[in-house]
Amino acid sequence: TFIHESNSFAGKSNIMLGKKATRIFAGTEGLEKFFPAEKIMVTGNPVRTSITGSRISREEAIRFFSLEASKKTLLVVGGSLGAKSVNEAIGKGLEKITGAGLQLIWQTGKPYAPIAKEITKGLNTVWAGDFIAQMEYAYAAADVVVARAGAMTVAEICVVNRPVLFVPYPFAAEDHQTVNAMQLVNKHAALMVKDSEAKEKLVFMAIELAKDPAKQEEMKMNLAPLAIADADKRIATAIMNILNGKNF
């Protein structure tokens, strides 16, 4: 039996299953407090090949969203349904963002999409839509990212190596998104703002990061060692080795 724990704080089901599992594949380090250390193998989280294998240039990606290559680009994503606090903060601070010379790719989710469409009408420096199917273009266009801190999002941002401001979803089980974000924050590879403080702080922090090339480079340097682009192969190889009687 094999299980995979994608988050930095293990879920209760995986903790129970881990007691009898043959191997426990982990998205991050530091899960020894949840599982027997000798069973753990840190593999990272599988990231879709459209992202790990992307060769899309920034210029091509900027054209995809009909934006300007000369401007710094802020990418805001809140998951498939969007993030209420993030959307409200961006909506409230839209003039500050555009006034700072930034352009915006804003994935709103369906509930907020009509509002975003209305308040961005006529703004040629903003792309707003309920969903982005081709995230490889969004990451390639972005200079700075604002996002939730689900395990897959964190893994993708490490792979694409983009400076990030996390706004963890506060109601995730065991508050695991905050733990996910702090793994990077503690390595000076990300910034974080609490969901409850997003309306007051998010836009200011995002603009400040976008205007600070030195901070961006520091974050990229610290993100690079955390990127794992072949987690799927690591997991599959380990399973096959164990099934064939080899040690992992």
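**Figure 1. Strand β5 and its place in a six-stranded sheet of the predicted model.** Strand β5 (residues 103–107) runs parallel to β6, and four bridges join the two. Helices (H or I, at least four residues) and strands (E, at least two) are DSSP runs, numbered from the N terminus. Two strands pair if DSSP finds at least two bridges between them. Opposite glutamine 107 stands glycine 129 of β6. The sheet is open, pairs its strands in parallel and has the order β6-β5-β4-β7-β8-β9. Its edge strands, each pairing on one side only, are β6 (126–129) and β9 (191–192). Residues are numbered from 1 along each chain as its sequence is written. The model is predicted, so local features need pLDDT of at least 70 and side-chain atom pairs count only at pLDDT 80 or more, whereas totals for chains, interfaces and linings use all residues; side-chain values use heavy atoms, with hydrogens and water left out.

**Figure 2. Helix α4 against the sheet and against helix α10.** Helix α4 (residues 84–92) lies across β4 (73–77), β5 and β7 (144–147), and runs at about 150° to β5. Axes are lines fitted to C-alpha atoms, for helices over the stretch in contact, and angles run from 0 to 180 degrees between N-to-C directions. Helix α10 (residues 198–210) packs with α4 at an angle of about 60°, the axes being 8 Å apart. On the α4 side the contact (heavy atoms within 4.5 Å) is made by Ser85, Val86, Glu88, Ala89, Ile90 and Lys92, and on the α10 side by Ala198, Lys199, Leu202 and Val203. These residues divide into six nonpolar, one polar and three charged. Ala, Val, Leu, Ile, Met, Phe, Trp, Tyr, Cys and Pro count as nonpolar, Asp, Glu, Lys and Arg as charged, and the others, Gly among them, as polar.

Figure 3. The side chains of lysine 199 and glutamate 88 meet in a salt bridge, 3.0 Å from N to O. A salt bridge is a side-chain nitrogen of Lys or Arg within 4 Å of a carboxyl oxygen of Asp or Glu; by this rule the count comes to eleven. Lysine 199, with a relative accessible area of 43%, is partly exposed, and glutamate 88 counts as partly exposed at 24%. Buried means under 20% relative accessible area, exposed over 50%, and partly exposed in between (1.4 Å probe, protein chains only).

Figure 4. Lysine 12 is exposed, with a relative accessible area of 60%, while glutamate 174 is partly exposed at 39%. Phi of glutamate 174 is near 60°, a positive value in a residue other than glycine.

**Figure 5. The surroundings of helix α8.** Seven of the ten residues of α8 (residues 151–160) are buried, so the helix is largely enclosed by the rest of the structure. The buried residues are Ala151, Val154, Ala155, Glu156, Ile157, Cys158 and Val160. They pack against α2 (49–52), α7 (135–141), β7, β8 (164–166), α9 (176–185) and α11 (213–223). Just after α8, asparagine 161 takes a positive phi of about 60°.

**Figure 6. Strand β1 and the buried residue threonine 43.** Four bridges join β1 to the parallel strand β2 (residues 23–26), in which arginine 23 is the bridge partner of phenylalanine 2. Threonine 43 is in the loop between β3 (40–42) and α2, and is buried with a relative accessible area of 0%. Leaving aside residues up to four places away in sequence, threonine 43 touches His4, Phe25, Ala26, Ile228, Ala231, Arg234 and Ile235.
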